[in-house]
Structures are given as structure tokens and as C-alpha cells.
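Good morning, everyone. Let's walk through the strands and helices of one structure, step by step.

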Amino acid sequence: GDAAAAHRGIDLIGGAHPHLGWVGALTTTIIFGEVAAVSFLGTHRLHEARERAQRLLSDLQFAQQRLSQTNYRLERWNEELNHEVARQTTALANRERRSGIVNSVTAAISQALADDTPFDAALALLGSLFDACVVQVYFAPAEDEKPTVQRCSLHDHADTEVPRNALLDVTTSGTSAQAELWIHRDGVLVHARHAVVPLMVKGRSRGAFGLLVEGEWEVDEDDLEVLAVVGRELAAAMEHRRELRDALARANREALLNNVARVLDETLDTSVALTRALRNVATWLGAAEAAVVTRARGSRRMEIAARVRTPGLTAPEDVSSDAVERLFLTIPQVVEDRGDAVLLGPGGEGEISAGVAVLGVGSILVVPLLAHRLAVGAVVILTDDVHRWGPAQREVAARLSQQLGARFEADEVVRLQARRISELSGLARIGEMVQSTVDPVRLFRGFARTTADRKSTRLNSSHGYISYAVF
């Protein structure tokens with residue numbers, strides 16, 4: 001546009017002023033050069049602007065690419081963060097659920113301990129939290145004690161239970177176990193699963209308890225951990241209850257034996273003292289009959305010093321009424337050469353003969369009776385059933401025998417003192433006669449009478465359990 005205007009100006013100047021043509025040409029040349037220079041500069045600047053625009057566009061594309069990568073990483077991090085938050089939320093919820101189960105079951109166990117009631121409420125609560133149909137406990141506190149088996153059914157399924165062999169296997173191994181099984185429900189096989197954990201007491205497996213759940217139950221590590229914690233709490237509670245009951249039973253035994261000792265110390269009549277003491281122990285032991293059999297004075301014949309019936313044996317009508325008495329008199333022979341008790345019957349050192357069983361005797365405990373370390377008889381206890389003679393029962397019978405032996409020793413000392421007093425009294429009377437008379441005939445008669453009294457006293461008092469030298 002500038003070039004066209006310049007040409008139009010030259011034509012106008014040349015036409016109007018012919019003498020000035022060279023000025024127009026020069027002007028045109030100058031203008032054209034300026035226009036060319038301006039055009040060149042504009043093109044160069046435009047090219048630079050385009051290059052800058054391309055570089056800027058490349059930078060923008062690179063920035064957009066980096067922004068896309070950053071956005072992708074942010075989205076991935078956000079997804080991972082959401083996943084981690086969800087995982088920790090689930091873990092926290094499971095932890096709270098486990099803590100809630102443990103706390104609620106522990107509270108129920110503590111309440112059962114305080115009320116001295118069975119753990120049914122705690123087992124039912126545990127079963128409901130796991131939607132179990134049966135919760136079963138097997139606890140064997142010691143080798144000589146009967147195991148405790150407790151079962152809690154939540155869905156009125158009386159015929160459903162955790163397999164006993166699974167409880168025994170976990171008790172033996174001390175490790176948790178789970179398995180699938182099929183159970184009968186109204187004539188239909190139903191799929192179920194059981195989980196069993198050990199009951200640990202002071203590092204030793206004392207039993208097991210298990211849950212049986214119908215349907216699909218995926219037992220994970222969290223469930224086993226919860227069951228293990230509950231198992232430790234339950235085992236500790238059952239062991240605490242057993243120790244408490246053992247302590248109370250021990251206290252009752254000591255009170256019984258202290259009462260026996262008081263009766264033997266305060267009762268002067270030996271026969272009455274023996275009968276009272278024997279009745280107390282026989283009643284506590286649950287015996288049908290009991291007797292204290294001693295050797296008759298001056299012979300080897302046995303006699304019954306005391307006998308109680310609580311309430312007595314139930315023998316057939318065709319059996320002689322004195323058959324039990326003959327049994328009392330003959331049975332002490334089994335402990336003549338022994339220093340400890342002998343139990344006859346199931347779980348004892350010997351069996352009961354058919355002739356004795358006819359009398360209605362289920363078991364016989366014979367405890368030797370010692371005085372001054374010599375056998376003077378026995379304590380015989382009869383039961384009319386298959387009695388469970390544990391260490392506690394045998395200890396009570398043995399300590400009764402010791403207390404009776406101490407009473408016999410005390411009676412022997414009393415008889416010896418009475419004889420010594422009688423002898424000293426006779427000598428005193430002789431001395432009085434010597435001092436009060438000078439008549440020889442009267443003196444000799446008094447001496448003879450006193451000597452005869454001493455001899456009679458000596459013969460009457462020398463038929464005790466122990467022989468004493470007379471000086």
C-alpha cells in the first residue's frame with residue numbers, strides 16, 4: 001500500500017512539475033528503500049515471533065505432558081491413599097469388634113466368677129457374636145480330677161456338638177484347629193465348620209473350647225486371635241475357680257479334723273470319743289458304715305471299739321446280720337504288715353470278693369491304727385457304691401487314724417500314771433503302818449494286804465497295748 005501511494009505521488013509531482021522529476025525519483029527510491037527495510041524487518045520479526053511462538057508452544061506441550069504425568073501420579077497416590085484409609089478403617093473396625101467381643105465375654109466371665117455360677121452366659125454371648133449354633137468347653141484341670149465338659153446350644157439343636165476328638169486333639173497338641181464337616185439337620189445334611197482353640201494355664205494346655213457354625217464361615221487369623229484371647233481368659237477363670245474350691249475344700253477338711261481333735265481331747269470316755277470322731281469323718285466321707293477295730297487286751301483277738309452307720313449297708317434279707325461285723329473283725333489283717341492304707345474296690349490296690357460284694361459293699365478303705373509305732377488295730381470304712389477315693393479323702397482317713405492313735409497313747413499314759421499312783425499309795429500306807437504300830441503280827445498282815453493289792457492292780461493294768469516294766 002505504501003509503494004502504490006509513492007507511485008501515485010511521483011506521477012502527481014512529475015505531471016505537475018516536470019522540472020522536479022529527479023526529486024520524485026530520489027524520493028521514490030528513498031521511500032522504496034525504507035519500505036523494503038521496514039518490510040524486511042517486519043518479516044524478520046514475524047519469523048522470530050513465530051519461532052518464539054513455536055518454542056512457547058513446545059514448552060506448553062511439555063508442561064502439559066508433565067502436568068498430565070503429575071496428574072496421573074496424583075490420581076494413583078489418591079487411589080492408594082483411599083485404599084490405605086479403607087484398609088486401616090476396616091482394620092480399626094475389626095480391632096474394635098475384637099475388643100468389644102473380648103471385653104463383653106470377659107465381663108460375663110467375671111460376673112460368673114463373682115456369682116459362682118456356670119459360664120453359660122459367657123459362652124452364649126460368645127456364640128451369638130460369631131453366629132454359632134454350639135459352643136463347647138472341655139477342661140481337664142489335673143490328672144486325678146474329672147474333666148469338666150460344658151456345652152451351650154444357641155439354636156435349640158440338642159443333637160449338635162463340636163466333635164469330641166477335635167477337643168481332645170487340641171488339648172493334647174496345644175494348637176488351634178479348624179475343619180469342615182456335615183451335620184444332620186431335620187434329616188438333611190448341612191455344611192458347617194468348627195474352630196477349636198486350646199485352654200492354656202501357666203503355659204500348659206488344660207483343655208479346649210470350640211465353636212460350630214452352620215453355613216459358610218471363613219475363619220481368618222483375626223477370628224482365631226479373638227478365640228485365643230477368650231480361651232486364655234476362660235482358662236484363667238476356670239483355673240481360679242478350681243483353686244478357690246480347692247482352698248475351700250481344704251479349709252473344710254481342716255475344720256473337720258480340728259473338730260475331731262477337739263472331741264478326742266474334751267471327751268473323757270474313750271468309747272464315746274471314738275464314736276463321735278468316727279461319725280464326723282464317716283459322714284463327711286459319705287461312708288455307709290465305719291468302725292475302729294483294736295486288739296483285745298491280753299490276746300490277739302480283734303474287737304470293735306467303735307462303730308457307726310451312716311445310714312448303713314443295704315444287704316439282702318438272706319444275708320446274716322452279723323456278716324458285716326465279721327468283715328470288720330477280719331479285714332484289718334490286710335494292713336498288719338503295712339504302714340499305709342489299703343483300698344479294696346475299683347481303682348484300689350485289690351478287688352472285693354463276691355462274698356463281700358453280696359453285703360452291698362462297693363469299696364473298703366482300711367487304714368492301720370498305730371500307737372507308739374506299733375500296730376494296734378485299724379480304721380475300716382465301707383461304702384455302698386463305687387466311691388471315688390481321691391487324695392483328699394484318703395488324707396482325711398489317715399489323719400483320723402493318727403489322731404485316734406494319739407488318743408490311745410494318751411489313755412495308756414493315763415493308765416500308767418494311775419498304776420504308779422496306786423503303787424505309791426500302797427507304799428505310803430505301808431509306811432504309815434510301820435510308823436503307827438509296833439505289833440509285828442499287825443505289821444505283817446498289813447504288808448501282806450498291801451502287797452496283794454499291788455499285785456492285783458498290776459495284773460489288771462498290764463493288759464494294755466504296750467508292755468511296761470514295773471519297778
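β8 pairs with strand β9, residues 363-371, in the antiparallel sense, over three bridges. Keep in mind that this is a predicted model. Within that pair, V342 stands opposite V366 in β9.

Now step back to the whole sheet. Which order do its five strands take? Read it as β7-β6-β10-β9-β8, an open sheet with antiparallel pairing. The edges are β7 and β8, and β8 covers 342-344. Each edge strand has a single partner, so one side of each is left without a neighbour in the sheet. On average, neighbouring strands here are turned by 20 degrees against each other, direction ignored.

Let's look at β6 and β7. β6 is residues 289-295, β7 is residues 302-309, and they run antiparallel. How many bridges join them? Seven. A291, for example, has R307 in β7 as its bridge partner. The two strands form a hairpin, with six residues between them. In the turn, G298 has a positive phi of about 80 degrees.

A general point about strands. In a regular strand, side chains alternate between the two faces of the sheet.

Next, the helices on this sheet. Helix α6, residues 270-285, packs on the sheet and touches β6, β7 and β10, which is 374-383. The direction of α6 makes about 50 degrees with that of β7. Helix α7 is residues 323-330. α7 lies across β6, β7, β9 and β10, and runs at about 125 degrees to β7.

On to the other sheet. Here, too, we have an open sheet of five strands with antiparallel pairing. The order is β2-β1-β5-β4-β3. Which strands are at the edges? β2, at 148-153, and β3, at 177-185, and each pairs on one side only. Neighbouring strands of this sheet are turned by 20 degrees against each other on average, again ignoring direction.

β1, residues 134-139, and β5, residues 204-214, pair in the antiparallel sense over six bridges. In β5, L212 is the bridge partner of V134.

Two helices to finish. Helix α3, residues 120-129, packs on the sheet and touches β1, β2 and β5. Its direction makes about 50 degrees with that of β2. Helix α5 spans residues 221-266. What does α5 touch? It packs on the sheet against β1, β2, β3, β4 and β5, where β4 is 188-201. The direction of α5 makes about 55 degrees with that of β4.

Thank you.

Definitions and conventions: Residues are numbered from 1 along each chain as its sequence is written. This is a predicted model: local features need pLDDT of at least 70, side-chain atom pairs count only at pLDDT 80 or more; totals for chains, interfaces and linings use all residues. Side-chain values use heavy atoms; hydrogens and water are left out. Two strands pair if DSSP finds at least two bridges between them. Helices (H or I, at least four residues) and strands (E, at least two) are DSSP runs, numbered from the N terminus. Axes are lines fitted to C-alpha atoms, for helices over the stretch in contact, and angles run from 0 to 180 degrees between N-to-C directions. Contact means heavy atoms within 4.5 Å.
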